[in-house]
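Me: Hi, could you walk me through this model? I'd like to go helix by helix and then look at the loops.

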Amino acid sequence: MTCFNELIFTAATAWPFIWFMDLMRYLVGAGAIVAILDVASAGWLRRRLVRIRPLADGQKLREFARSMRTVLIFSLVGTCVWVGYQLGISKLYFDVDRYGWPWLIASFFVFIVLHDAWFYWTHRLMHQPRLFHWLHRTHHLSVAPTPWTAYSFSASEALVQALYLPVVLLVVPAHQAVLFLWMIWMVLRNVMGHSGIELLPRSWLAGWWGRWLTTTLHHEMHHAYGRHNYGLYFTWWDRWCGTEHPEYCQRLQALVQGLGDREPSDVIGATGEVGLKSR
Ligand SMILES: [Zn+2]
Ligand SMILES: [Zn+2]
């Protein structure tokens with residue numbers, strides 16, 4: 001009983017800090033992209049808009065409210081990870097010498113690749129008609145995603161997203177710095193994917209990286225059409241499993257060509273839909 005009380009005390013004292021960090025991570029990540037978008041909508045970055053469908057009235061406010069619930073759920077799961085570490089269940093560690101620098105660096109990439117696989121397969125599962133309504137429908141209420149859509153989940157989906165960390169830490173050792181960097185990467189890529197504006201350099205989009213990294217256009221098409229393009233960081237699962245949108249490559253090419261042209265209206269029509277002229 002004393003042990004149980006100690007764990008409750010550990011969780012209760014750790015939670016406020018974990019919640020604050022989760023909140024800041026989201027607000028800074030999404031806020032930075034929102035600031036860029038404000039500049040972009042009126043300036044030269046307009047040619048990078050990949051918006052396919054219009055925003056709904058009051059959408060951003062609803063997304064923000066749902067995001068606060070997601071932050072709460074993420075922080076509660078994060079607190080469980082901390083308690084798991086106290087119990088010796090979690091493979092979180094703090095001493096670099098325990099596994100050395102090579103593993104510390106490699107584990108960052110392992111975390112990203114495994115997270116991508118977790119996201120792809122749970123995402124596809126959540127698109128099954130029986131699961132969609134009570135897991136994933138809330139996220140798809142945003143047919144035109146915004147940076148605030150990144151965390152706009154139902155409570156049940158937020159839990160699915162959050163569970164990756166405690167599950168992977170059961171088997172993969174990770175230094176606290178790796179977790180911190182992975183979380184920064186995760187929120188930035190997530191927010192970029194929902195921003196409605198292509199932020200990767202044109203040279204990346206035109207080359208190898210553009211074919212293997214998911215772009216904003218990739219996820220924009222997922223929200224606009226409600227299927228295809230399930231990947232998070234990389235396009236390989238969609239390509240291997242035949243779930244990539246059949247027009248994705250064509251539209252990406254049109255976007256790249258448009259970014260090389262002097263006149264942005266070549267690829268971005270009055271509705272903002274990319275690739276209209278190429279279809
Ligand atoms: Zn989806
Ligand atoms: Zn999304």
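Me: How well does the span of helix α13 agree with 1.5 Å a residue?

Reply: Helix α13 covers the 13 residues 248–260, which should span 18 Å at 1.5 Å a residue, and its end C-alpha atoms are 19 Å apart, so the two agree. The expected span is 1.5 Å times one less than the number of residues. Helices here are DSSP runs of H or I with at least four residues, strands are runs of E with at least two, and both are numbered from the N terminus. Please keep in mind that this is a predicted model: local features need pLDDT of at least 70, side-chain atom pairs count only at pLDDT 80 or more, and totals for chains, interfaces and linings use all residues. Residues are numbered from 1 along each chain as its sequence is written, while chains are lettered from A and ligands numbered from 1 in the order in which they are written.

Me: Thanks! Which residues of α13 are buried?

Reply: They are Tyr248, Arg251, Leu252, Ala254, Leu255 and Gly258. Buried means that 20 or more other C-beta atoms, placed from the backbone, lie within 10 Å of the residue's own; 12 or fewer makes it exposed, and anything in between partly exposed.

Me: And where do they sit around the axis of α13?

Reply: Looking down the axis of α13, the buried residues fall within an arc of 160°, so they line one face of the helix. The arc is taken from the directions from the helix axis to the C-beta atoms. An α-helix has 3.6 residues a turn, so residues three or four places apart point the same way.

Me: What covers that buried set of α13?

Reply: The cover includes α9 (202–206), α10 (208–212) and α11 (216–225). Contact here means C-beta atoms, placed from the backbone, within 7 Å.

Me: At what angle do α11 and α13 cross?

Reply: Roughly 130°, and their axes come within 10 Å. Axes are lines fitted to C-alpha atoms, for helices over the stretch in contact, and angles run from 0 to 180 degrees between N-to-C directions. That is why α11 and α13 are oblique to each other: under 35 degrees counts as roughly parallel, over 145 as roughly antiparallel, 65 to 115 as roughly perpendicular and the rest as oblique. On the α11 side, Leu217, His218 and Met221 make the contact, and on the α13 side Tyr248, Arg251, Leu252 and Leu255 do.

Me: Switching topic, how do α2 and α6 pack?

Reply: Helix α2 (residues 59–86) packs on helix α6 (residues 155–162) at about 40°, with the axes 9 Å apart. That makes α2 oblique to α6. Arg69, Thr70, Ile73, Phe74 and Val77 in α2 meet Ala155, Ala158, Leu159 and Ala162 in α6.

Me: Now the loops. Is Asn229 buried or exposed?

Reply: Asn229 is buried, with 23 other C-beta atoms within 10 Å. You'll find Asn229 in the loop between α11 and α12. Asn229 also has a positive phi of about 55°, although it is not a glycine. Most residues other than glycine have a negative phi.

Me: What about His228, what is its phi?

Reply: His228 has a positive phi of about 65° and is not a glycine either. His228 counts as partly exposed because it has 17 C-beta neighbours inside 10 Å.

Me: Last one: where is Gly207?

Reply: Gly207 is in the loop between α9 and α10. Gly207 counts as exposed, with 12 C-beta neighbours inside 10 Å. The C-alpha atoms of Gly207 and Val256 are separated by 9.8 Å, though the two are 49 residues apart along the chain.

Conventions
Two residues are in contact if their C-beta atoms, placed from the backbone, lie within 7 Å.
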